[in-house]
Amino acid sequence: MIRNLLLLALLSLASATPVLADEIFSLKVGFASLDADGQFAGENGGSGTRVDFENDLNFDDSQDVFAEAAVQLGPFRLSGGYLPLEFSGNGAINRNITFDGQTFTAGANVASDVEIDVFDIGLAFHILNFDDGPLRVQLGPELAVKIAEIDLSFRDTSGGASENVSATVPVPTLGARGRVALSDFVGVVGRVGYLAVRDNSFLDAEIQLEYSPIPLLGVFAGYRYIDVDVDESDVVLQSTFSGVFAGVLARF
């Protein structure tokens, strides 16, 4: 339900019609390759074995398509983004692992999937907003809400036990966003946000280079770093996700 509502909001941003001359609509679609470093667990009654992304089950990288749409109204920038993260691992475990109350014994061949859909709604206010000259500079605070839909699974591939836990975790973040560009030809964009709420925290930072060889259309590439700490509804996730991304952009 939450996913459908946020996707609808993202589509609404994409269809928004500017009413002021200095408004800018932008759309970015790209491909991200992120690796995971950290641990997760499926708890039942407050206990569960921490599973390590690097040392257990040979988890692969997440490689998927993401999207972002934004509308700028004077100094305000409203954005909506969607980033899917999918990691899977398969192999014989070298220790007993308890997941959601079920113990998987050492030597069993186990498959595990970690799926995280990150929805991002942000509002930035550019205190510096020089966007109508050859050199464009925008810088200001940004308030965002990150909503992570997390699904963790653990199953014995021989047909034995199979367990799954999931949670939807909203975490607001407070940070900053900046952009320095030569017109719309080439520019550097940076963004960072963080906040801890109860047992959950979310740090999201990225930097990217935009290049538009022709008006309105271009390409971009960058690096993203996400640090998530979640303890919610039997889901424990303490991990960082980092890597590169690239894609195409359009401005109207």
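Author: A salt bridge here is a side-chain nitrogen of Lys or Arg within 4 Å of a carboxyl oxygen of Asp or Glu. The model is a predicted one.

Reader: What is the mean pLDDT of the protein?

Author: pLDDT stays under 50 over residues 4–22. Across the protein, 91% of the residues reach 70 or more. The mean pLDDT is 90.

Reader: How many salt bridges does the count come to?

Author: Side chains of opposite charge can pair when their charged atoms come close. The cut-off is 4 Å between the nitrogen and the carboxyl oxygen. By this rule the count is 16.

Reader: Which residue meets Lys28 in a salt bridge?

Author: The N to O distance of the pair is 2.6 Å, which falls within 4 Å. The pair links distant parts of the chain, 182 residues apart, with Lys28 in strand β1 (residues 24–42) and its partner in strand β12 (residues 200–214). That partner is Glu210.

Reader: Is Glu210 buried or exposed?

Author: Buried means under 20% relative accessible area. Glu210 has a relative accessibility of 4%, so Glu210 counts as buried. Lys28, at 7%, also counts as buried. For Glu210 the answer is therefore buried, at 4%.

Reader: How far apart are the closest N and O atoms of Arg179 and Glu210?

Author: Arg179 lies in strand β10 (residues 162–182) and Glu210 in strand β12, so this pair ties together parts that are 31 residues apart in sequence. At 10% relative accessibility, Arg179 counts as buried. Arg179 and Glu210 form a salt bridge, and their closest N and O atoms are 3.1 Å apart.

Reader: Which residue forms a salt bridge with Asp204?

Author: The closest N and O atoms of the pair are 2.6 Å apart. Asp204 counts as buried because its relative accessibility is 4%. The partner, which is buried at 10%, is Arg224.

Reader: Which side chain is joined to that of Asp120 by a polar contact of 2.7 Å?

Author: Asp120 lies in strand β7 (residues 109–125) and counts as buried, at 7% relative accessibility. Beyond four places in sequence, Asp120 is in contact with several residues, including Ser79, Ala144, Arg191 and Arg224. The side chain at 2.7 Å belongs to Lys146.

Reader: How far apart in space are Asp120 and Leu217, C-alpha to C-alpha?

Author: In sequence, Asp120 and Leu217 are 97 residues apart. In space, their C-alpha atoms are separated by 23 Å.

Reader: Which side chain has a polar contact of 3.4 Å with that of Gln72?

Author: Gln72 is in strand β3 (residues 62–73). Its relative accessibility is 6%, so Gln72 counts as buried. A polar atom of the Gln72 side chain lies 3.3 Å from the backbone oxygen of Gly74. The side chain at 3.4 Å is that of Asp131.

Reader: How many contacts beyond four places in sequence does the model have for residues 4–22?

Author: Over residues 4–22 pLDDT stays under 50. A contact requires heavy atoms within 4.5 Å. For these residues the number of such contacts is 22.

Note on methods. Residues numbered from 1 in each chain as written. Predicted model: local features only at pLDDT ≥ 70, side-chain atom pairs only at ≥ 80, totals over all residues. Heavy atoms only, no water. Helix = DSSP H or I, 4+ residues; strand = E, 2+ residues; numbered from the N terminus. Buried < 20%, exposed > 50% of the residue type's maximum accessible area, 1.4 Å probe, protein only. Polar contact = N/O pair within 3.5 Å; in protein donor to acceptor, adjacent residues only side chain to side chain. pLDDT = per-residue confidence, 0-100.
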